[in-house]
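Please open the model in a viewer and follow the stops below in order. Each stop names what to select and then describes what is there.

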Amino acid sequence: MRDAPAQSALQLSHTTEDRRNQQLNLHLTTLKMGKRLLSGLDVILMLLFALVSSLFAGEAETIREVNLEVESSNSRRFDCHPEAGSDQAKCEARGCIWKPSDVPKEPWCYYAETHGYVTNNTVEKPSGITVDIVRNPDFPSQRSQSRDIDKLRVEITYLSGQSLRWKIFDPANARYEVPVPLDLPAAPETEENNRLYRVQIQNKPFGIQVIRKSSEELIWDSAVPGFTFSDQFLQISTRLPSNYVYGVGETEHPSYSHDLNFHTYGLFAKDQPPGYKLNSYGLHPFYMGLEKSKSAHGVLLLNSNAMDVTFLPDPALTFRTIGGILDFYMVMGPSPEAVVQQYTEMIGRPVLPAYWSLGFQLCRYGYANDTEIADLYKDMKAAGIPYDVQYADIDYMERQMDFTLDQVNFKGLPALVDQMRAEGMRFIFILDPAIAANETKGSYPAFDTGIEKDVFIKWPPELSNDIVFGKVWPDYPNVTVDSLDWDTQVERFRSFVAFPDFFRNSTAEWWGEQIKDFYNNIMKFDGLWIDMNEPANFVHGTTGEKCLGDQTLEHPPYMPPLESMHRGLNHKTICMNSEQILTDGTRVKHYDVHNLYGWSHTKPTYDALLNTTGKRGVVITRSTYPSSGRWAGHWLGDNYSGWDQLLKSIIGMMEFSIFGISYTGADICGFFKTAEYEMCLRWMQLGAFYPFSRNHNTINMPRQDPVAWGAEFAAVSRDVLNIRYTLLPYLYTLMYEAHTHGNTVVRPLLHEFVTDENTWKIDRQFLWGPALLITPALDPGVTVVRGYLPNARWYDYHTGEVVGVRGQFVDMDTPLSKINLHVRGGHILPWQKAENNTHYSRQNPLGLLVALDDGGSAHGSLFWDNGEGIDTVQNKRFLLTTFTASSGVLTSAVPTDGLAEVDRLTLGLVKVWGVTAPVTRVIMSVTGQPDADLTFTYNAEVQQLQFDATSQSHSIEKPFTISWNTA
């Protein structure tokens, strides 16, 4: 939806990047060995010895400074002063080493080699290892405001043959732990031979090493200096097996594969439009790493406090968080796709969205009235542009209050919604979590019943019994605020709001009641869009901006590099001292669960949608955390109209694919700023292949929907959306595979071709599943785009011709009317003729696109249900059909047939690409029926066979065999 205008400039990162331009402070360092000062002769002898050794080995290695802890030849610098303003005195006060460097961004203040904890006691069992560790007393405490925890326990559990967990915690005092349930194996894997890994413990400094048995590669190695566990600062580093790391969000990244050159990203959910190194709407402390053996693994840090992650060129990375415990989970793959499957098995599989939600969608913040929406719908129909979903943003509400309707400008909206739904369209409305709190008692049931049921976030009782009030979109009555500056609007004319505590069961019930009442008494809908759920707040902390309680929660001793970090954690959200109550009654501070607010908001909304409509529908949420994908999709936020955003949207989608959220996409043509014709058209082509395909922009900007630009723009949009709609059966099948197996839908090329290192950095192209390669134009004025075709047979989707190259980068013609699409040989894609919306396209016969590989074979499948039923997969109310082609024979099999009669499909047109010899006859065989000759055409030039089974009225839940004879 809408982000509040930025109120302060981004503060520079307080990592070593801040020190890039510091003047080099040349100084003489006192040379020490152990506790003994070295004499001048000692120094001379040591330097001579080092020089001779270097020359003797034939190396020109630079003589290194001897420090309190002598560095080994392979040690690296782990930053001991990630905050801004480091100097030698501060560094050495922490017991760290100060050494200026001419390597850009390299820390000047870094840990001595044995800094950290030391192993005290180790107990090994078949199910894992328990280790007691103590802080190394040779080093001083680093932050006086954050109490060190000297004795820790480490529990390593062999969860399965492909996964393990290590949990580091205070055994003497319970600390906050993330209340997000994971689906873990019922019993650990106790048989050593069944595990893909082994674990080693290093003693000083303490560290965990995870080794992949098949390659003997270290894939996690925290036996490095700097491990810290204090009350409000926890830090752990690991060496990485390669330079290829993906994930960690939600922040905007310039490339899918991380740049490991000392880059730090702050992570804390915030009402912040995407921008370089700006912490945005959600938190996903998960990464996937590649290994030199071309295997892959994934690591989750289950922690919900504010944090940052630094990528280092060793290669290595550092996690820093300001609360909770360190609770790590690793999945072993070994393929990238297996990593995501194993990760989503743990956090929960992605939700299966309704079929109609895969159609094209339109939205705008700033519709003036319901007539504007009605005219848009009429124009889209007249242009013949496929389109399934219309949205209403907060404009439809009375004074931007949830569960209300503007009776002046949108009085006719309920009737319009009914009309559109009767014509096969669907409608989605927005809901924000904040509830207006200044209405006259008895006039606004949402707040009144919320008070009765005690659903709103309050202060801890030892501080106050009051609600923690804020301000968001709701206005006072009878005011006009648009002509005023933002701060004046908020101060004078925004009403107080209360924030529901969605952890409570009573809140979920209350929320569901409000949604059902709106549906039954005001307006129908088919899906819900939840926004501003970081939670966003237009004042900082609370009204009056005076947060009660412990100020180290609002301004912690260590502040990750967050947007407006100097303003504290409560900037544009609620006070960290606010209290929330978990489902089991545990009282927690918002400081610990802030990043879970959107997560806690999502399941109650999804449950309410299902309970209210009786159908599956779809929920779109802005703020996410691991497992949010079980209930909702995610759009990539309030982006900008700019060419760079096209690439960044691909990167964002691929990241959310590995985060376990399949139903994603960016606001097509951009939310903020004025869109430009060519950029918007290229974005429409790219956006036609977002799983969540929606054109959306903000108030006071020109329209950018497909019928706003003229006939030529509308025609190109219609053509590319017709391709999307044609392939929706394939996309829906991919969504089913994500929901049941954890497969990715938007798939990086490296997931299919991991042995080809050329794919490891590709982010300007992506796949739908294994078979459709999308190569969009991402730059202005281009008529040729360079793309990579991995080592497989590829067909041009537009012509059916075999592309004669593989394993190469090629130049592809891309006139303004075209996006390059290629189909991978060896796959069968189900399809249907496109219509104006999916209500009608679903009634067409099923087509098959059979793209043969080099051996003349292909395979594929179709998942089909009624498109919106609840739990159709769990209750087996669906059809799953598999297709196989080989040696001139196409066959089907039906592993699951639970489809109702009304939802069944008949087989239609089949296209077979890569048929090398002329065809003389096509025969269809079905058990219990006589063989039937099918009409066909064969194009020898492009080696394409087409035959049409429509005349046979063959219902595809019945297996068939179709063979073609060649001359």
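A nonpolar core is a set of buried Ala, Val, Leu, Ile, Met, Phe, Trp, Tyr and Cys residues joined through side-chain atoms within 4.5 Å, where buried means under 20% relative accessible area, exposed over 50% and partly exposed in between (1.4 Å probe, protein chains only). This is a predicted model, in which local features need pLDDT of at least 70, side-chain atom pairs count only at pLDDT 80 or more, and totals for chains, interfaces and linings use all residues. Residues are numbered from 1 along each chain as its sequence is written, and side-chain values use heavy atoms, with hydrogens and water left out.

Begin with Tyr396, Leu413, Phe689 and Leu890, which touch the most other members of the largest nonpolar core, a set of 258 residues. Select Leu890 next: its contacts (heavy atoms within 4.5 Å) include Ile828, Phe947 and Trp964.

Move to Phe456 and Trp510, an aromatic pair (ring centres within 6.5 Å; planes under 30 degrees apart are stacked, over 60 edge-to-face, the rest tilted). The pair is edge-to-face, at 5.8 Å centre to centre and 75° between the planes. Phe456 lies in the loop between helix 6 (445-452) and helix 7 (486-493) and Trp510 in helix 8 (residues 505-521), so the pair ties together parts 54 residues apart in sequence. Helices are DSSP runs of H or I with at least four residues, strands are runs of E with at least two, and both are numbered from the N terminus.

Finally, select His571, which counts as buried at 3% relative accessibility. This residue is found in the loop between helix 9 (551-554) and strand 27 (579-581).

Key. Rings of Phe, Tyr and Trp (its six-membered ring) pair if their centres lie within 6.5 Å; planes under 30 degrees apart count as stacked, over 60 as edge-to-face and the rest as tilted. Lists of a residue's contacts leave out its neighbours within four places in sequence.
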